[in-house]
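The exercises below concern the arrangement of domains, chains and helices in a structure. Please work through each task before reading its solution.

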Amino acid sequence: MSEVKSVATRAGYGKALVELGKIRDDFVVMDADLAAATQTGMFKKEFPDRFYDCGIAEQNMMGIAAGIATTGKKVIVSSFAMFAAGRAFEQVRNSIGYPHLNVIIGATHAGISVGEDGATHQCLEDIALMRTIPGMTIINPADEVEARKAVYAAMELDGPVYMRFGRLAVPVVFDEDYKFEVGKANTLRDGNDVTVIATGLMVKEALEAYDLLKAEGISARIINMATIKPIDKDIIIKAAKETGAIVTAEEHSVIGGLGGAVSEVVCEECPVPVVKLGVYDTFGHSGPAAKLLDEFGLRAVNIVEKAKKAISLKR
Amino acid sequence: MEKAAKKELEKIALKARMGIIESIHAAKAGHPGGSLSCVDILTYLYFKQMNVDPNNPDMADRDRFVLSKGHAAPALYAVLAQRGFFDEKELLNLRQIGSILQGHPDLKKIPGVDMSTGSLGQGVSAAVGMALSAKHFGNDFKVYSILGDGEIEEGQVWEAAMFAGNRKLDNLILFIDNNNLQIDGTVEEVNSPHPIDKKFEAFGFDVLIINGNDFDEIEDALNKAEKCTKPVAIIAKTVKGKGVSYMENAVNWHGAAPNDELFEQAMAELKAAYAEME
C-alpha cells in the first residue's frame with residue numbers, strides 16, 4: 001500500500017480558488033488580513049486584481065460581500081472560523097442569510113486542531129451557529145480532495161454557503177475520481193451493528209475505528225457527512241433502521257453540530273440511540289494539534305468506545 | 001433649482017409624509033420621527049437623481065440605494081410607492097402578515113429595495129460592496145445610502161468608511177441623517193458621534209454639510225458630489241419628525257404610532273401644507 005499523504009483542507013480550498021479563477025472571472029475573493037493562513041493568498045498571488053483585503057474587519061467584509069452579491073456576482077470571503085462565524089454571526093445572518101445572497105464563506109482554522117493558538121482561536125461552535133441560519137448550506141470536507149471538489153460545487157449553488165476547513169494536515173481519504181455532491185453523504189464502509197457518522201478530520205478516524213471494531217467482531221457502517229446542512233436525512237434514517245445505533249464524530253462542540261443535526265433527524269424519524277463524540281462543552285487550550293486531538297478524545301479509539309456504548313443502548 | 005421643480009418635489013415629499021403617517025397609523029407601529037427627517041433626501045434621490053425604472057426594478061445598471069437606517073422604512077416605502085414601484089394602497093398593509101412591506105426593508109419581497117437592512121451599521125457595508133462591484137466589474141452606476149446619526153455609533157460603519165476611503169470609491173455617496181435624536185435621548189447625551197465631519201474626512205471622504213430638509217441644498221450637494229474623487233459623506237442637518245408639529249424634535253416619536261386623534265391632527269397639518277402649495 002502506498003503511503004498516504006497528508007494535506008490540510010484549507011490547502012485544497014486555496015488550490016480550488018486558483019483553478020476556478022482560471023476558468024471564470026465572475027467572482028472576487030476577499031480576506032480579512034489572513035490570506036497567508038486561509039490560503040486565499042494563492043488566489044491573491046495569481047489574480048491580484050481580483051482579490052480584496054478588507055483588513056481586520058470581518059463584519060464589514062461580510063457586508064461588502066453581501067453588497068457585491070446583490071449585483072449578481074459571486075463572492076468568496078475568508079477568515080478563521082472563529083471570526084467568520086463567531087464575530088460576524090449577525091452580519092452573516094442579516095446581511096447574507098436573510099436576503100439569501102450568493103456568498104461563499106471559506107472559514108479555515110476550525111476546531112481544536114488549530115493547536116498552539118489556543119482557545120480564542122479554536123472555534124468549536126461554528127457549525128451550531130451557522131446551522132441556525134435559514135437557507136445556509138454548510139460543508140465540512142474530510143480531506144484535501146473533498147475540499148477542492150466542494151468549492152467547485154459551492155460555486156454552483158444558489159444562496160449562502162459556509163465551508164469549514166482545517167489548519168492541520170490530514171490524511172487524504174478520497175481518490176481524484178471521487179464525486180462530491182452537496183447534500184449527499186456517502187457510505188465509506190458498510191456494516192450492520194452500528195453506524196458511525198463522521199465529518200471533517202474525524203472521517204479518517206472513523207475509518208480506523210472500522211478496522212478496530214472489525215477486529216473485535218463488530219460490524220460498523222461508516223458514513224462521511226460532509227454536508228451538514230441540508231443534511232442527508234435518507235442515509236441517516238436508513239442507517240438508524242438497519243443498524244439500530246448511531247455514533248456521530250466531529251471536531252466541534254457536541255452541542256448543536258453534526259451530533260445535534262443527526263439527533264434531530266433520528267429522534268423524529270426513527271428513534272435509536274445516538275452517542276455523540278465531540279468536544280464536551282468546554283474550551284480548548286494551547287498545544288500541538290495531534291496531542292490535543294488525543295487529549296480531547298477525538299480519535300479512532302474514542303469512536304470505538306462510543307460505538308460500544310451505542311450498541312449497549314440498543315433495545 | 002427652478003421654483004416649479006422645487007415645488008413639485010415639495011409636494012411629492014408632503015405626499016410621502018402623509019404615506020408615512022398613514023402607514024404607521026395603520027400598522028399601529030413603526031418609526032415616524034426618523035422617517036420624516038430623511039424623506040426629503042429620499043424624494044430627491046428617487047425623483048431627480050437616481051437612474052431607476054419602476055417597471056424594471058432589477059435593471060442591471062440602475063443606481064443603487066441602501067437604507068442603512070432601515071427603521072426609516074416607511075419613508076422609503078412611501079417614496080417607492082409614489083415613484084410607481086408598487087401600489088400606494090400597499091402602504092396601509094405595512095407590518096401586516098402577508099404584506100410585502102416588512103417592518104424593515106426586504107430586498108426579496110419589495111420591488112425597488114436593493115438591500116435588506118434594519119440591523120444598524122450593516123447597510124453601509126453592503127453599499128460599499130455595491131460600489132466596489134461597480135468598480136471591479138466595470139459598471140458606472142452610483143450607490144447612495146442614508147445612515148442615521150445614532151447609527152454611526154456602530155463600529156461597523158467605520159470599518160466600512162475606512163475601506164471606502166482607502167479604495168477611493170468615488171461612486172459612493174452617504175447621507176448622514178443628522179436629526180440629533182436617538183431612542184434614549186439626544187446623540188450628545190447617549191454617546192456623541194460628533195464631530196461627524198472630521199471623522200469622515202479622516203476616513204478619506206469628501207464631506208459636505210447641508211440642510212437635509214431643503215431641496216436646493218440637497219441638489220447642490222449631489223452636484224458637488226459628482227465632481228469628487230473620493231467617497232462623499234453628506235451630513236444632512238434635519239429635523240426629526242419634520243412636518244408634523246408635535247413630532248418635530250421630540251424623542252418620544254422615534255418609534256411610536258399616533259393614536260386616532262393625533263393621526264387626524266398630523267394628516268390635517270400635512271394636508272393644509274399641501275393645499276397651500278396648490
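The following exercises treat confidence, domains, the chain interface, helix packing and backbone geometry in turn.

**Conventions.** This is a predicted model, in which local features need pLDDT of at least 70, side-chain atom pairs count only at pLDDT 80 or more, and totals for chains, interfaces and linings use all residues. Residues are numbered from 1 along each chain as its sequence is written, while chains are lettered from A and ligands numbered from 1 in the order in which they are written.

**Exercise 1.** State the confidence of the model and of chain B.

*Solution.* The model has an ipTM of 0.97 and a pTM of 0.97.

**Exercise 2.** Locate the domains of chain A and describe the side of domain 1 that touches domain 2.

*Solution.* Step 1: domain 1 of chain A spans 6–171 and domain 2 spans 186–312; such bounds come from an automatic or database domain assignment. Step 2: the C-alpha centres of these two domains of chain A are 25 Å apart. Step 3: 27 residues of domain 1 of chain A are in contact with 32 residues of domain 2 of chain A, contact requiring that C-beta atoms, placed from the backbone, lie within 7 Å. Step 4: on the domain 1 side, the elements giving two or more residues are helix 7 (126–131), strand 6 (137–139), helix 8 (144–155) and strand 8 (170–171) of chain A. Here helices (H or I, at least four residues) and strands (E, at least two) are DSSP runs, numbered from the N terminus. Step 5: this side of domain 1 of chain A has 14 nonpolar, 8 polar and 5 charged residues. In this classification Ala, Val, Leu, Ile, Met, Phe, Trp, Tyr, Cys and Pro count as nonpolar, Asp, Glu, Lys and Arg as charged, and the others, Gly among them, as polar.

**Exercise 3.** Determine which elements of chain A give two or more residues to the side that touches chain B.

*Solution.* Step 1: the contact involves 22 residues of chain A and 21 residues of chain B. Step 2: the elements in question are helix 4 (58–70) and helix 6 (89–97) of chain A. Step 3: helix 4 of chain A supplies the largest share, 9 residues. Step 4: by class, the chain A side comprises 10 nonpolar, 10 polar and 2 charged residues.

**Exercise 4.** Classify the orientation of helix 1 and helix 8 of chain A, and of helix 1 and helix 3 of chain B.

*Solution.* Step 1: helix 1 (residues 9–23) and helix 8 of chain A pack at about 45°, with their axes 7 Å apart. Axes are lines fitted to C-alpha atoms, for helices over the stretch in contact, and angles run from 0 to 180 degrees between N-to-C directions. Step 2: helix 1 and helix 8 of chain A are therefore oblique, since angles under 35 degrees count as roughly parallel, over 145 as roughly antiparallel, 65 to 115 as roughly perpendicular and the rest as oblique. Step 3: in chain B, the axes of helix 1 (residues 3–27) and helix 3 (residues 73–83) come within 8 Å and cross at roughly 125°. Helix 1 of chain B is therefore oblique to helix 3 of chain B. Step 4: the residues of this chain B contact divide into 10 nonpolar, 3 polar and 1 charged.

Conventions. pLDDT = per-residue confidence, 0-100. Contact = placed C-beta atoms within 7 Å.
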